[in-house]
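Please keep the sequence and the structure in view while reading.

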Amino acid sequence: MRIHADIARCQGYGNCAGLDSEHFDLDDDGLVVIRRERVTDDEDMIVREAVRSCPAEAIWLADDDD
Amino acid sequence: MTIDHVVVVGSSVAGIRAAQALRADGYDGELVVVGAESAAPYDKPPLSKQLLTGETTTADIGLLRADGEFDLRLGVAAASLDPASKKVVLADGQPIAYDALIIATGVRARMLPGTDETLVSPLRELKDAVALRARLASGAPVVIIGGGFIGAEVAAAAAVAGCQVTIVEALPAPFARVLGPDAGALVSELHAAHGVRVLTNVTVAGVEKLPGDGALVRLADGRTLEAGTVVAGVGCVPNTEWLGDSGLPLADGVHTDEHCAVRGAADVYAIGDVARWHDRAGGITRRDEHWTNAVEQANLVAHQILRPDDPRHYASVPYFWSDQYGVKIQLVGRVALDDAVQVLRCATPAGDRNVALYSRDGRLTAAVTFGWPRGSVTARQALQRGAAVTDVLAALTKLSGPLTREV
């Protein structure tokens, strides 16, 4: 799986980086930075939680070939 | 026991995210979500923020997504629960049996005692926000009773809409209840800079109807304020009346253990604003009215139902945000009013930003940032690892350059 982000939707809530600092961070303008796109099977659960924790629905997971 | 019938009561963010988490985590049994409101499930924080200012529309705040399909029954409230026979009965008399039940009925705004409710604009549901937005557009003066964050957000939206705005607060400073006086003063300054009048140390004696559409707000010290619109933000009460005969432990919320499981009732969980959960670390019960808390508990309970052999306890760092005049105010942690506080001005690459750090015995307990999400995340991660306030100062300095002490 791979993480996708729509920077135009990001509002800087920071829930993603608060939950999972391996994959997510914020930049100086408060916008999401994907530190690592690829998600291994054992990381799937925490990344899904991070995705559901985004109030702006700015991040999502999709299959590698999507 | 196999779980084949899950019922969620409540169609706001906690209930919907719980249903979605169950599906995402592999649950393929029957899943019913009951909601008292007939509007399609939507997100509540924008009601007092972007929806009121017109920065977003009702179409943008829906909670349903493609990844979670369930049987959504809207426009009918749950009327009662019998935990012994594991049945919820809806207001239309229809019973629904469950193997696992998630209670997520939320809270409603507290009414002002002794006041004609029809003179005060409510703000809890989508239709309230739409109606209030139309009222603000008329430009008539607005009086806001209660200087908490809902009141502050409505004040900001009304000021931006061009209304003359007055906030009436019982405490010496608005926002002091949540942030303490030092950081609370920063919020007051923000409002003063936008022409909002803040009256403190005064309570409201009553609201009276004026000829036409207006109202007269009578203060306890004898002053009166004429208003086209009156909004009250004086706290909320949990929606637990429907559980009155259930035998569930109810006292300012539905009481749960540290896994969000309701005490004394098998396979019943409570999450979000309505849940009073056991904080293992603090040894006390807490009820949080925060969006993030609702979603975290939704995730936890989905996990709990599907993997009872792998229990997790709820122990989150609280997080709350507010949007006022385009400034995102983010609070992480729990502010105790006797904590040490330092208010700092940080020269971040995106401009100067204010931050207040709260600490006890040298450990960070909470942080509030004004327009600096990166600083908020840094503080949040520090709280999660129990960092010393000196470490947080060092981390923030690394992001921003030198910090100036304001207070």
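The questions below concern a predicted model and turn from its sheets to the contact between its chains.

Q: Which strands stand at the edges of the open sheet of 5 strands in chain B?
A: The order of this sheet in chain B is S3-S2-S1-S7-S18, with parallel pairing. Neighbouring strands are turned by 15° against each other on average, direction ignored. An edge strand pairs on one side only, and this applies to strand S3 (71–74) and strand S18 (268–270) of chain B.

Q: Which residue stands opposite Gly35(B) in S3(B)?
A: Strand S2 of chain B covers residues 30–35 and pairs with S3(B) in the parallel sense over 4 bridges. Gly35(B) has as its opposite residue in S3(B) Leu74(B).

Q: Which residue in the turn between S4(B) and S5(B) has a positive phi?
A: Strand S4 (residues 78–82) and strand S5 (residues 87–90) of chain B pair in the antiparallel sense over 4 bridges. Within this pairing, Ala78(B) stands opposite Leu90(B). The two strands form a hairpin with 4 residues between them, and the positive phi, about 55°, belongs to Lys86(B).

Q: Why is one side of S12(B) and of S14(B) left without a neighbour in the sheet?
A: The open sheet in question has 3 strands in the order S12-S13-S14 of chain B, with antiparallel pairing. Strand S12 (204–209) and strand S14 (224–227) of chain B stand at its edges, so one side of each has no neighbour in the sheet, and the reason is a single partner strand for each.

Q: Which residues of chain B lose the most area to chain A?
A: The contact draws 30 residues from chain B and 22 residues from chain A. Between them the chains bury about 2200 Å², 46% of it on carbon and sulfur atoms. On the side of chain B, 23% of the buried area comes together from the residues that lose the most, namely Arg65(B), Asn299(B) and Arg374(B).

Q: Which residue of chain A meets the side chain of Arg312(B) in a salt bridge?
A: The count of salt bridges between chain B and chain A is 4. In one of the salt bridges, at 3.1 Å from N to O, the side chain of Arg312(B) meets that of Glu49(A).

Q: Which element supplies the largest share of the side of chain B that touches chain A?
A: At least two residues each come from H1, helix H6 (291–306), strand S21 (319–324), strand S22 (327–333) and helix H7 (373–384) of chain B. This side divides into 11 nonpolar, 9 polar and 10 charged residues. The largest share, 6 residues, is that of H7(B).

Q: How many residues apart are Asp44(A) and Arg48(A) in helix H2 of chain A?
A: The side chains of Asp44(A) and Arg48(A) meet in a salt bridge at 2.8 Å, N to O. Both residues lie in helix H2 (residues 44–52) of chain A, separated by about one turn of the helix, that is, 4 residues.

Conventions:
Residues are numbered from 1 along each chain as its sequence is written. Chains are lettered from A and ligands numbered from 1 in the order in which they are written. This is a predicted model: local features need pLDDT of at least 70, side-chain atom pairs count only at pLDDT 80 or more; totals for chains, interfaces and linings use all residues. Side-chain values use heavy atoms; hydrogens and water are left out. Two strands pair if DSSP finds at least two bridges between them. Axes are lines fitted to C-alpha atoms, for helices over the stretch in contact, and angles run from 0 to 180 degrees between N-to-C directions. Contact means heavy atoms within 4.5 Å. Buried area is the accessible area (1.4 Å probe) that two parts lose on being put together, summed over both. Ala, Val, Leu, Ile, Met, Phe, Trp, Tyr, Cys and Pro count as nonpolar, Asp, Glu, Lys and Arg as charged, and the others, Gly among them, as polar.
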